[in-house]
Each structure stands twice: as C-alpha cells, then as structure tokens.
Amino acid sequence: MTDKITVRAEAERLFAFFKASGAMAIDADLLQPADTLLDLYGEDIRARAYVTQDPNRGEMMLRPDFTVPVVQTHMEHGGEPARYTYLGEVFRKQQADSGRATEYLQVGYELFDREDPERADAEVFSLFNEVLSPLGLRPATGDIGILKAAVETLTTTERRKGALMRHIWRPRRFRALLDRFTGRVDMDAARKALLDRVAKDGAEAVVQSGGPEIGLRSREDVLARIAHLQADAAEPPISRSEAEVLDVILSLRETLPNAHQHLRDITVDLPGMAASVDRMARRMDALAAAGITVEDLPFEASFGRTTLEYYDGFVFGFVAEGRPDLPPVATGGRYDALTRVLGRGQEIPAVGGVIRPELVQQLREGLA
Amino acid sequence: MTLKLGVPSKGRLMEKTFDWFADRGIDMRRSGSDREYAAQVDGADVDLVLLSAGEIPRELQAGRIHLGVTGSDLVRERIPAWQDVVRELQPMGFGFADLIIAVPAFWVDVNSLDDLDAAAADFRRRHGHRLRIATKYHRLVREFLRDAGVADYQLVDSQGATEGTVKNLTAEAIADITSTGETLRANHLTILPGGLIHRSQAVLFKSRTADWSNGNKEILEELTDRLQG
C-alpha cells in the first residue's frame, strides 16, 4: 500500500517535469457542473462520476477529469499557442469488486497549437515517453482520424456516414450498422412492414393511425425520419469490397512504419484516405525528429475506440507489460472536436494526456 | 440469535408471501392488531421482520436480515454487483411485472432499439437537447441502453405517474414497470419492441453478508428442504 504522501511527491516530480518543459501550471474546480459533462459524454458518465446536488447550482460532479475545465479556461482566456500542466485529484466510481481507486491523482499536459498539429502530437508523446522511460512501459498508438477518413470515403449517403461516425467509439453498434448498410443482414421485419404500409397508405395516414401526437418529439419529427428511412431503403448497399477494406483497417496492428505502408497501399483504391495517411506520415517524421524510435513503435487502428471517447485524431497509451491488473499508466490524444463543442463556434486544435502518479510510484518501487 | 426473514409489510405482496409459505407448511401471521408491524411464524425457527418491499434489498445488503422476499427488479436496481451480495433461493411465481421502455404510439418509425438510437440522434439535432427517458430504475435502464449502444438520451427521475410525463412534456419516452399495459395504452404509449429490460417477480433472496454462524446455516438448510419439499 503506497501512502498518499509518497504518491503526491511522485506527482510533484512529474508536475515539475512538465513545468520545466515550458507548460504553465493550471488548476480547476473540484465541483464541475454536471450538464456540460453529461452533454459531452452521455448518460454513462453518471455510472462513472460522483454526482452531487446543490440547491442553487443544480447537479454537480466531482471532477472526473481535467480536460473539460482546462479547455474551457483556455477558450475563455488563453493565448496561442499554449501549454498547460495540472496536478490534482479526479474521482471515478468503480465496480464493487474491481479494487480500483475511486479517488486518485492525475498529472496532465495539454497543448493548444494551430500551427503544426503533427509536431504537437509528437511533442506530447515524446514528453510522456521521456518522463516514463525508466519504467520500461509498452507504448501503444493509434489514430481515430484514420478511422474517420475510412468512413468518410465510403460510397454512400451522408446520413449513413454520420450514423457510423457517431458510433465509432461503440464498436458493437458500429458493427451492427455496418452489417445493415452492407446488406450482410436483412432489413428488420418491422421496418419493412412500416415502409410497405407507408407505400400503400402514405406516411401521414400511417402516423395518424398510430395515435394522438404527444410529447416534444413531434409529428414532423416522425415524418422526417420516415422520409429518411424511405430514402435509405432505396439506397444501394455499401459494396462488399469497401466494407472489406474497412475491416482490414479496423484490425490493423503493426509497427508504425508497416501500418503506414499498409494504409498508403490502401489509398491507391481509396484516394479519399490520402490526406489522413499524409498526416500519419508527417507525425511519424515528427516523432523521429523528437528522438522516438518509430521503427518498433506499435500502431493499432482500433486503439482508443472503446475508452477515450472524445479523442478524434492521434491517440496513445503507456501500459505496464505483464500487469493486466493495472489500468494504463498514461493515456492521451488529440481532441479538436471537443474544443469545437466547448468553444461555442471557436475551435483550436488540441492534444494532451494524463499520467497516474500512484501507478508510476508503484512500478518504481517494484523496480527498486 | 435466530434466522431473520424480511417480508413485505403490506397488501397483496404480503398476503401472497404468507400464502406461498403456508403452501409449503410454514404458517405466518401478523400478531396483535392489523396496524402492528409484528408477525410470527409457526413451525420454523424464524423471526419475521415486516419491511417495505423497497427496503428489503438494503437490509439484505447490510446483512441485517438473512432472508428476504422482494421483487427481483428492486434487488437489481438497488444493489451494485447484486450477485456478490445476495443469492436467489427461489422465484416465487407471483408479483410479475416487466420493466420496459415505452414510447408514444404515434412514433410508428420507432420499432427497435436501433430506431430509438437513431431517433434520439435526430431529436438532439432538431431540439438541442438529448431525448429524455423518465424512470425510477436508473441503474437498470442505463446499463441496458449502454449494452444496446443507445446514445444521446438522458434519464429524468420520475417516482410516480411516469406514464404522464410524455404528455406533460417532461420526457419523450419512459422506462417503467407494467403488468397489463393498460395504463400505457390509456396514455397513448406503446412498448418498444426489444425494450424489455427485466422480467420481474417476487423472489426469496438469501443474504451473503448476514451472519450464518450459530446454527443459522442449519436452520436455512432445514427450511430450504421444506420449501423445495
């Protein structure tokens, strides 16, 4: 059992490292308004964060992470480019028997930079790599941007692409949608029955026969969706070959140079992927320039799909090999879209990550 | 110390519990006046504790009662990782109720969880907030929708008259217990196909956290022999 004083000392060491690298120290309130977090992460965050009630301010959450308040602070006051570091507790509910901490320190580093996003990705990764290097951790990298580009290049409707994009972080739902759009599974019977009735009697009459209009989701909403369903039914399936390419990309696990070469080959058939593969190449160069041995850096196209919901570009993690009982020691990635959501019209490319000092401390003790 | 059995203190659930045990040769009755919350058991070394059905999960979890009769929905909703805390000894064959998701009947375009998810995405775009589902079963509904990959919804708390929330514009859909569906129909709602979250009934639960020493284990063994009899 590591005591809190020792862990805090480790956290201070990491914090000092990031400050010495040129980051400005920043802090955030422990109590965060629940609405913002719920709107971003969805209802699932309730199962993971502690929610408390304030008679005046409404529902508040015990800070589940720093990223959101740091982005908000930056969007309100920050100049560009900006580098921030922070140290503080975050709170997460855990499964009853998981033995995982519900309250722990995080040390983070966030970089807001419009000029050269790939260089920024490499800066963040190499800083984390440097400060964690004595622990011999296994790095993992990925790129949600590649997945998004792959979806974007599909020859199909914007609406279908939108549905797939929306579920990129939910692999099972993504798979179900893809199976439907490629015709691997048949249209479900209820939808077919609905479309038959609509074809026979007209949408208005079918909705009318359902019952009176109640609630905020209006008759127009229902009619609009029926029109979408009709249009979608008339749409040809996504071709088998395109779906296969997507499968290849989703299961891609290679060293970074090999993965890049593989994806480069794919762009011959899918030129729409070229821009994001170029970005990957620039990032690889920037990582090499920052002193990273890219030749054996692992790349997994699906990395970060299940856990890191707001990341939309480069993603990375550092895990202790042979310790599946431990969560990752560090995770991070690019979250341009999050700044767009929080910035009310403004946006700024952003990348960052967090380290869990108590894991660093624990692993150092094991090494000593 | 004797073995403590928690049973619902009121109404049909109490009567049916008493009948169920009587059928298995164990007579229970309330002692004293109708208003006194005390009861006794003939033919078994058991202390009856009358409790509100909603409190029985908590008492089982705390180990203050050894056995308890309550709805399987309440145990799943109120006890995190419930299988580690209690064990289902016997489903009792009454108190049936389904926890379901219901949507307005005129939503003819919503016939599956897939549809609900897609409708929620459209709704959020058009109305600027997530589609609201009124319920008092927060944990069960959230876990169900997460497993189904439904996003862009929010749960709003409703402790009663939940079927009225859609008409009152405080929710767009509901998740609630129904037995016959009549209240749903009267409120122009219909069960979402694929939206059955849990099929609940009264169950005799055993607490894993209660003190099973001092002969209580033997009493339970004797009792279960008779109940299965």
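Which domains does the domain assignment give for chain A? It gives three entries: domain 1 covers 1-136 + 349-368, domain 2 covers 138-183 + 239-319, and domain 3 covers 186-236. Before going on, please keep in mind that this is a predicted model.

Staying with chain A, take the centres of domain 1 and domain 3 over C-alpha atoms: they are separated by 46 Å.

Next, helix packing in chain A. I will go through two pairs, and helix α14, residues 274-289, takes part in both.

The partner in one pair is helix α5 of chain A, residues 117-132. The axes of α5(A) and α14(A) come within 8 Å and cross at roughly 45 degrees. That angle makes α5(A) oblique to α14(A). The crossing is right-handed. On the α5(A) side, the contact is made by E118(A), R119(A), D121(A), A122(A), F125(A) and S126(A). On the α14(A) side, the residues are R279(A), R282(A), R283(A), A286(A) and L287(A). Sorted by class, this contact has 4 nonpolar, 1 polar and 6 charged residues.

The partner in the other pair is helix α13 of chain A, residues 256-269. Here the axes are 10 Å apart, and the packing angle is about 160 degrees. So α13(A) is roughly antiparallel to α14(A). The crossing in this pair is left-handed. From α13(A) the contact takes L256(A), P257(A), H260(A), L263(A), R264(A) and T267(A). From α14(A) it takes A274(A), V277(A), M280(A), A281(A) and M284(A). The classes here are 8 nonpolar, 2 polar and 1 charged.

Where is P327(A) found? It sits in the loop between β10 (314-319) and β11 (330-334) of chain A. P327(A) counts as partly exposed because it has 17 C-beta neighbours inside 10 Å, and a residue needs 20 or more to be buried. P327(A) is 32 residues away from L359(A) in sequence, while their C-alpha atoms are 8.5 Å apart in space.

Now chain B. It has 229 residues, and 45% of them are buried. Its secondary structure comes to 8 helices and 12 strands. The C-alpha trace spans about 65 × 35 × 30 Å along its principal axes. If you take the contacts in chain B between residues at least 6 apart in sequence, 67% of them join residues at least 24 apart.

The domain assignment for chain B gives domain 1 (3-95 + 202-228) and domain 2 (97-200). Their C-alpha centres lie 32 Å apart. How many residues of each are in contact? The count is 6 residues of domain 1 with 8 residues of domain 2. On the domain 1 side, helix α3 of chain B, residues 72-78, gives the most, with 4 residues. That side has no nonpolar residues; it has 3 polar and 3 charged.

Last, the contact between the two chains. Chain B puts in 32 residues and chain A puts in 34. On the chain B side, α5 (113-127), α6 (138-147) and β9 (153-157) each supply at least two residues. Which element supplies the largest share of that side? It is α5(B), with 7 residues. By class, the chain B side divides into 17 nonpolar, 6 polar and 9 charged residues.

Key:
Residues are numbered from 1 along each chain as its sequence is written. Chains are lettered from A and ligands numbered from 1 in the order in which they are written. This is a predicted model: local features need pLDDT of at least 70, side-chain atom pairs count only at pLDDT 80 or more; totals for chains, interfaces and linings use all residues. Two residues are in contact if their C-beta atoms, placed from the backbone, lie within 7 Å. Ala, Val, Leu, Ile, Met, Phe, Trp, Tyr, Cys and Pro count as nonpolar, Asp, Glu, Lys and Arg as charged, and the others, Gly among them, as polar. Axes are lines fitted to C-alpha atoms, for helices over the stretch in contact, and angles run from 0 to 180 degrees between N-to-C directions. Angles under 35 degrees count as roughly parallel, over 145 as roughly antiparallel, 65 to 115 as roughly perpendicular and the rest as oblique. A crossing is left-handed if the near helix is turned anticlockwise from the far one by less than a right angle, and right-handed if clockwise. Domain bounds come from an automatic or database domain assignment. A residue is buried if 20 or more other C-beta atoms lie within 10 Å of its own, exposed if 12 or fewer, and partly exposed in between; C-beta atoms are placed from the backbone.
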